[in-house]
Protein chains: 2
Amino acid sequence: MRSFLLLLVILLARPGFSQPTADTRNLLPVPTTVRWGTATLKPKTALRPLFQGPPDSLTAAAVTRTLARLGLNVPARNQSAASLPLQINYGKVGRAELFDEERYSLRVTPSGITIDAPTSLGVLRALATLEQLPQAAGRNVLLPEVDIQDQPRFAWRGLLMDAARHFMPVSVIKRNLDAMAAVKLNVLHWHLSDDQGFRVESKTLPRLHEVSGQYYTQDEVREVLRYAAARGIRVLPEFDVPGHTIAWQAAYPILASGDTLYKTVYQSWRLANVAFDPTKETTYQLLDTLFGEMTALFPDPYFHIGGDENDGRQWRGNPRIMAFAKAKKMLKSDGRTLDKHALQTYFNRRVLTILTKYHKQMVGWDEILGPGLPKSAAIQSWRGKKGLYDAAKAGNPTILSNGYYLDLNLSAANAYGTDPLPADNPLTPAQQKLILGGEAAMWSEFADSVIVDSRIWPRAAAVAERLWSARDVNNTADMYRRLAAVSRQLEGLGLQHRNAPEQLLRQLAGPTDVGTLRTLAQVLEPVKEYKRHFQGFTYTPSTPLNRLVDAAPAESDVARDFNCMVDSLRIYTNSDSYGPIFLVADSRRTALAMRQQLQTWQANHSKLIPRLGSSPTLTEYAPLSAALSAAAALGLERLALLEKQQQPDTEWQASALKQLDALNKPAGQTELAVLPAIRRLVELR
Amino acid sequence: MRSFLLLLVILLARPGFSQPTADTRNLLPVPTTVRWGTATLKPKTALRPLFQGPPDSLTAAAVTRTLARLGLNVPARNQSAASLPLQINYGKVGRAELFDEERYSLRVTPSGITIDAPTSLGVLRALATLEQLPQAAGRNVLLPEVDIQDQPRFAWRGLLMDAARHFMPVSVIKRNLDAMAAVKLNVLHWHLSDDQGFRVESKTLPRLHEVSGQYYTQDEVREVLRYAAARGIRVLPEFDVPGHTIAWQAAYPILASGDTLYKTVYQSWRLANVAFDPTKETTYQLLDTLFGEMTALFPDPYFHIGGDENDGRQWRGNPRIMAFAKAKKMLKSDGRTLDKHALQTYFNRRVLTILTKYHKQMVGWDEILGPGLPKSAAIQSWRGKKGLYDAAKAGNPTILSNGYYLDLNLSAANAYGTDPLPADNPLTPAQQKLILGGEAAMWSEFADSVIVDSRIWPRAAAVAERLWSARDVNNTADMYRRLAAVSRQLEGLGLQHRNAPEQLLRQLAGPTDVGTLRTLAQVLEPVKEYKRHFQGFTYTPSTPLNRLVDAAPAESDVARDFNCMVDSLRIYTNSDSYGPIFLVADSRRTALAMRQQLQTWQANHSKLIPRLGSSPTLTEYAPLSAALSAAAALGLERLALLEKQQQPDTEWQASALKQLDALNKPAGQTELAVLPAIRRLVELR
């Protein structure tokens with residue numbers, strides 16, 4: 001009995017078994033309230049859309065799109081009276097850039113579907129939910145009876161796409177807008193200029209796009225804007241100033257602070273720390289011209305001016321700028337050193353004046369926060385939550401991106417656990433209202449247009465849920481289950497997050513079977529954070545991203561699944577650690593699955609050796625392939641003991657753990673994602 | 001010694017070991033003459049293109065494209081003197097629709113590349129060859145030293161794409177044009193109208209495209225024409241008349257012969273046998289209007305009018321048409337029965353008059369051949385080689401498609417073995433000149449825009465080689481090896497022939513591991529020829545093509561590889577069939593690989609059962625999954641005997657073969673492609 005109690009305690013203590021799971025089905029983000037019924041709606045042919053609200057072609061098109069995706073949009077000729085109604089009621093045509101309401105209710109009954117929303121934006125969100133409802137039933141679509149009331153927790157739910165570091169063609173942006181709409185993200189933050197390129201056609205300052213080669217024509221920009229608007233998504237353009245501007249300076253050297261004149265856009269990823277000369281009137285004349293043009297092109301009320309990562313070295317190095325700073329009293333208390341922040345605030349105020357003239361609200365990264373910044377400027381916090389809370393305390397509207405940087409290759413769970421406003425936040429209710437939301441950010445140094453989808457999805461959907469759903473929706477295991485469903489859904493929408501890595505693997509496998517290479521790639525992850533810059537190989541914007549690291553998932557599903565299996569092993573044991581142990585019955589099946597998985601990994605290396613040897617691109621991954629095999633062998637030894645109901649010898653265990661540590665070495669800018677789970681298996685007592 | 005001789009005889013008799021393989025590397029189609037050197041060209045940075053010939057932007061663009069694909073098109077800023085030359089010499093700008101020469105020479109030496117060709121078409125073909133030369137060497141490209149002289153065997157090498165049955169968006173056509181160019185196909189035969197749709201915008205008769213819903217605007221057609229011309233590819237439009245015209249009749253009922261008036265385009269695949277009324281002048285007035293418009297849109301000198309599959313039943317059933325036939329003496333000798341062929345020839349002559357007015361040469365399917373057909377009309381033979389030779393004997397130019405129908409899901413080897421002019425052909429040299437070439441044909445009843453690439457490629461490349469390379473280039477095993485390389489090359493060009501089926505598999509696998517479903521799908525093939533229409537399920541144009549049959553390859557690589565393994569087993573045996581047998585040494589390795597493969601198949605079914613059971617779409621494939629497992633078990637039994645050096649018991653063998661026959665039952669419109677190979681393994685004595 002004592003043992004039984006102990007077992008219970010062990011069960012309850014294991015993650016994934018502690019929380020009762022709400023019935024969320026495949027809905028992501030989880031709606032505010034959901035009441036499932038027991039009946040189903042079985043549309044025989046098409047659903048018949050009926051509208052009550054001001055006529056709006058975008059809403060009608062969205063409904064057609066949803067019905068087509070559900071397979072319920074059979075050609076109109078036979079829309080007989082027999083088909084069931086999809087009743088859509090909305091009060092007014094909503095516009096995302098006016099922050100109109102997104103609230104909706106969605107009711108599915110056996111006799112039809114009803115959507116009610118104050119604005120057409122709510123209808124779009126309801127349709128996104130509807131698209132996640134179908135249950136497969138052979139060739140027919142079944143919709144479960146349900147009553148959903150839903151509204152977002154935060155009004156600003158964004159995804160940053162960086163078209164500056166690697167250019168992203170319009171088709172890439174569009175399919176990502178489709179994915180955003182599917183998970184109710186509503187802001188595309190379009191990073192359009194940086195050291196490595198200026199990506200929008202400028203009719204007033206054409207050298208800006210000409211020096212960059214690849215750019216969006218203004219017609220293409222308008223095409224994206226239309227596409228986004230049709231999905232209730234704002235487009236926030238970012239033109240990063242005064243730093244991150246080598247591309248601008250290559251086009252118009254008059255902007256430069258420093259002596260180093262760049263003749264081309266930047267061909268490196270190293271932080272350059274260049275900045276505009278903030279003392280010259282020509283700088284502001286040029287910005288006025290350009291921002292006049294760009295604020296007219298982009299309808300969003302916000303306009304992002306970057307403002308990040310200027311350490312002021314170019315300003316300090318220029319005597320004229322130093323003289324200006326001295327005259328304007330922008331020196332530190334020592335009377336000699338530049339107060340970089342004061343000078344940048346001066347710059348920001350000048351830019352703010354321009355933007356105000358064009359009726360835009362300024363947004364900048366958290367570096368721009370500080371004394372003297374007007375309360376109308378919005379702050380995007382990338383360096384930590386401190387910036388977010390400092391901004392709110394200073395009275396500035398603010399959004400969170402720290403914790404949501406997809407390019408760091410951290411887990412979806414990591415982003416999911418980052419709440420802009422946790423229960424223990426230090427803000428007053430008035431300050432909390434200034435936290436508008438957040439944005440997932442996909443900086444593209446290591447993502448070109450081919451693989452970018454796989455670096456964004458499905459992880460960005462975890463951020464989408466964090467920003468839409470209630471604070472207490474935080475069951476990570478259930479999130480991962482739904483994330484897998486969303487991932488399949490996005491494939492149906494044309495996202496390339498699975499196709500592209502698989503295709504890359506096939507290219508790398510060449511004439512050999514792709515299966516063995518896939519087995520390895522599936523348990524590799526790119527090294528985390530910014531380590532990829534420092535792994536013995538220097539990347540530039542023209543380095544092809546076509547190696548195994550680029551096909552490796554940012555977060556390995558296979559490794560996570562294996563980890564869950566280790567977690568779910570339930571062992572009956574005496575408190576006396578040398579006593580007998582038993583696998584609880586359903587853990588025997590898990591152990592069998594683990595055995596098969598470990599055997600596959602163990603056997604994989606010898607099959608892969610010929611290809612690793614013959615392909616120079618793959619050779620550098622041989623140590624990881626060997627390590628996978630060796631680690632799996634250790635896992636198999638531990639598993640055999642478990643199955644034989646034996647505790648491992650302490651000496652064996654210590655030696656095995658030491659071997660596993662020795663295997664834990666990145667190669668080819670990747671690391672073996674399954675090592676921690678195997679380590680935990682070996683450690684089991 | 002006697003045994004040894006017997007062994008030799010067995011070795012020599014096995015397919016795949018009889019022919020010495022020419023050094024073809026990855027070149028497909030194989031050039032006329034190739035002399036490989038031993039040196040390599042190692043371009044450090046970009047190649048520097050140098051042109052000698054009349055300036056031509058298309059040729060320059062093609063060179064840029066090739067260099068980009070080779071990774072040798074580094075931004076122009078640093079084209080230092082150090083980079084090696086790509087010297088391109090051509091006499092004149094060639095045009096595909098003028099049948100200009102495609103001959104070229106391509107020389108690669110360590111100091112650069114030289115292309116010589118009489119026309120720029122030859123340059124395009126040389127670039128296609130150049131793109132197949134690179135040898136991987138880590139991040140660098142290596143090109144082998146080589147001297148190639150090349151020219152096509154046939155001038156007309158086509159691919160028919162059917163945009164009428166399932167609409168194929170412009171992007172689909174474009175990527176297939178890229179693939180065609182890669183294997184030197186030079187005619188896109190664009191099947192633009194059929195019972196199920198009329199796919200080109202007509203400004204003179206707009207109801208034609210309006211009733212069809214999905215169609216190409218004339219701007220889109222021009223975009224395709226430009227894209228094709230830039231790749232040296234002609235575009236041959238087909239407007240199929242007088243049969244296959246329900247879409248036309250739905251738009252303009254005045255065209256109809258029959259009483260049945262169609263109000264919409266045809267919603268079935270059943271052969272309708274409708275035809276225009278050939279007796280009314282309005283028919284020819286309408287055709288004159290439309291063909292006037294379309295001949296101006298398409299620059300090719302040929303214009304395809306179809307002419308196939310009209311059995312005349314509508315004509316026979318119309319008293320007015322019968323009276324017309326009687327008056328024109330178009331009755332058979334009995335004086336009562338319609339001579340359908342005479343009436344259709346009358347129709348053809350009227351159409352020919354229209355096309356001649358618009359300076360086009362008529363092409364039609366082999367049904368139009370017969371007495372009274374002018375020699376200027378070209379014949380496309382789909383029903384057999386007889387049509388091809390009859391046409392040539394009658395003095396008509398002709399092309400072959402029989403044997404090249406990709407939609408029948410036959411093997412690449414099957415198409416490859418079909419020579420329009422084998423050595424034993426019955427034609428005189430003058431008649432042989434009338435055999436212009438051939439066309440692979442991809443009718444799209446069972447291929448939508450998503451999966452069509454996988455039904456065309458890589459098999460169409462086998463047809464491409466048959467039509468370009470010399471008659472004696474016919475080593476099937478070597479063709480398959482190069483076909484696999486082309487398949488990878490095409491993926492790099494954006495073809496979706498591997499992505500699309502894999503994505504469909506993932507959708508079908510749902511939340512379960514796609515691996516087990518893939519193992520099954522890889523050894524399934526759709527039922528052959530037109531059997532899919534008759535497998536207990538009636539398809540219509542709106543049936544989604546998203547089941548396992550659609551993800552199954554037209555020709556299973558895995559099954560073929562397994563078959564090759566069976567073929568390559570080399571057994572040392574006494575002529576006394578009850579005596580001892582031995583696997584020759586390197587066959588032991590093959591046997592081991594076969595064992596692993598058979599074990600995977602055997603174990604797959606139990607892993608797949610849960611998914612087969614839970615997904616209504618997959619349930620129908622359960623018998624095939626079980627059959628794969630059972631067949632693999634029999635194969636394993638036979639293999640065990642081989643490894644134990646035992647001959648199988650005759651009774652066991654008879655029983656095993658009987659069981660295999662019983663397993664050979666199609667399901668879900670697919671068949672188990674690996675059964676014949678396992679059968680041959682079991683039969684081995």
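This is a predicted model: local features need pLDDT of at least 70, side-chain atom pairs count only at pLDDT 80 or more; totals for chains, interfaces and linings use all residues.
**View 1**

**View 2. Where chain B meets chain A.** Here we zoom in on the contact of the two chains, to which chain B gives 25 residues and chain A gives 25 residues. On the side of chain B that touches chain A, the elements giving two or more residues are strand E6 (135–137), H17, helix H18 (499–509) and helix H23 (616–619) of chain B. Sorted by class, this side of chain B has 11 polar, 8 nonpolar and 6 charged residues. Both copies use the same surface, and 100% of the contact residues of chain B turn up again in chain A.

**View 3. A helix from each chain, packed together.** Two packed helices are described by the angle between their axes and the distance between the axes. In this close-up, helix H18 (residues 499–509) of chain A packs against helix H17 (residues 476–492) of chain B at an angle of about 140°, and their axes are 10 Å apart. An angle over 145 degrees would count as roughly antiparallel, but H18(A) and H17(B) are oblique to each other because their angle is about 140°. The crossing of H18(A) and H17(B) is left-handed.

**View 4. Who touches whom between H18(A) and H17(B).** Now for the residues in that helix pair. H18(A) brings A:Gln503, A:Arg506 and A:Gln507 to the contact, while H17(B) brings B:Arg488, B:Glu491 and B:Gly492. Which classes do the residues of the contact of H18(A) with H17(B) divide into? The contact of H18(A) with H17(B) has 3 polar and 3 charged residues, and no nonpolar ones.

**View 5. Domain 1 against domain 2 in chain A.** Stepping inside one chain, chain A is divided into domain 1 (25–150), domain 2 (156–494) and domain 3 (501–683). The centres of domain 1 and domain 2 of chain A, taken over C-alpha atoms, are 34 Å apart. Their contact takes 16 residues from domain 1 of chain A and 26 residues from domain 2 of chain A. On the domain 1 side, helix H2 (57–70) and helix H3 (120–131) of chain A are the elements that give two or more residues. H3(A) provides the largest share of that side, 5 residues. The residues on the side of domain 1 of chain A that touches domain 2 of chain A split into 10 nonpolar, 3 polar and 3 charged.

**View 6. Backbone details in the loops.** In chain B, the peptide bond from B:Leu28 to B:Pro29 is cis, with omega near 0°. B:Pro29 belongs to the loop between helix H1 (2–13) and strand E1 (33–41) of chain B. The peptide bond from B:Trp457 to B:Pro458 is also cis, with omega near 5°, and B:Pro458 lies in the loop between helix H15 (452–456) and helix H16 (459–468) of chain B. Over in chain A, have a look at A:Arg25, which has a positive phi of about 45° although it is not a glycine. A:Arg25 is in the loop between helix H1 (2–13) and strand E1 (33–41) of chain A.

Methods. Residues are numbered from 1 along each chain as its sequence is written. Chains are lettered from A and ligands numbered from 1 in the order in which they are written. Domain bounds come from an automatic or database domain assignment. Two residues are in contact if their C-beta atoms, placed from the backbone, lie within 7 Å. Helices (H or I, at least four residues) and strands (E, at least two) are DSSP runs, numbered from the N terminus. Ala, Val, Leu, Ile, Met, Phe, Trp, Tyr, Cys and Pro count as nonpolar, Asp, Glu, Lys and Arg as charged, and the others, Gly among them, as polar. Axes are lines fitted to C-alpha atoms, for helices over the stretch in contact, and angles run from 0 to 180 degrees between N-to-C directions. Angles under 35 degrees count as roughly parallel, over 145 as roughly antiparallel, 65 to 115 as roughly perpendicular and the rest as oblique. A crossing is left-handed if the near helix is turned anticlockwise from the far one by less than a right angle, and right-handed if clockwise.
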